Amino acid sequence: MSRNKPSIIIADDDLTIRVVVSEAVRQEGWLVIEAEEIPELERLVTGGQGDVVISDVMMPGGNGLETLSTI
């Protein structure tokens with residue numbers, strides 16, 4: 001993965017929302033990484049991916065707000 005652009009993780013279990021937000025962020029020059037459930041978000045962050053996270057609250061595997069406080 002290229003680190004020339006800042007990267008953002010868009011975490012949402014709703015595909016439509018994830019696609020719309022991801023496309024808007026890409027148009028602003030960000031590298032987008034998508035996650036559709038909390039364990040995936042945690043794995044990405046633990047692996048050192050993502051400079052910023054935008055997360056839905058209620059997702060499969062947990063609560064986005066609680067997860068953000070731990071990552």
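Here is a walk through the fold, from the sheet to its helices and then to a few side chains.

This is a predicted model, in which local features need pLDDT of at least 70 and side-chain atom pairs count only at pLDDT 80 or more, while totals for chains, interfaces and linings use all residues. Residues are numbered from 1 along each chain as its sequence is written, and side-chain values use heavy atoms, with hydrogens and water left out.

Let's start with the sheet. It is open, has three strands in the order β2-β1-β3, and pairs in the parallel sense. The edge strands, each pairing on one side only, are β2 (31–35) and β3 (52–55). From one strand to the next, the twist averages 20°. Strands here are DSSP runs of E with at least two residues, helices are runs of H or I with at least four, and both are numbered from the N terminus. Two strands count as paired if DSSP finds at least two bridges between them. Strand β1 (residues 7–11) is joined to β2 by five bridges and to β3 by four. If you want landmarks, I9 has I33 as its bridge partner in β2, and I10 stands opposite I54 in β3.

Now for the helices. Helix α1 (residues 15–27) lies across β1 and β2, at about 165° to β2. Helix α2 (residues 38–46) packs on the sheet as well, touching β1, β2 and β3, and its direction makes about 140° with that of β2. Those angles run from 0 to 180 degrees between N-to-C directions, with axes as lines fitted to C-alpha atoms, for helices over the stretch in contact. Contact means heavy atoms within 4.5 Å. Together, β1, α1 and β2 form a right-handed β-α-β unit: with the strands pointing away from the viewer, the path from the first strand over the helix to the second runs clockwise.

On to the charged side chains. There are two salt bridges, meaning a side-chain nitrogen of Lys or Arg within 4 Å of a carboxyl oxygen of Asp or Glu. R18 and E34 meet in one (3.1 Å, N to O). R18 sits in helix α1 and E34 in strand β2, so this pair ties together parts 16 residues apart in sequence. E34 also meets R26 (3.6 Å, N to O). R18 is buried at 7% relative accessible area, whereas E34 is partly exposed at 27%. Buried means under 20%, exposed over 50% and partly exposed in between, using a 1.4 Å probe and protein chains only.

Finally, T67 is found in helix α3 (residues 64–70) and is buried, at 5%.
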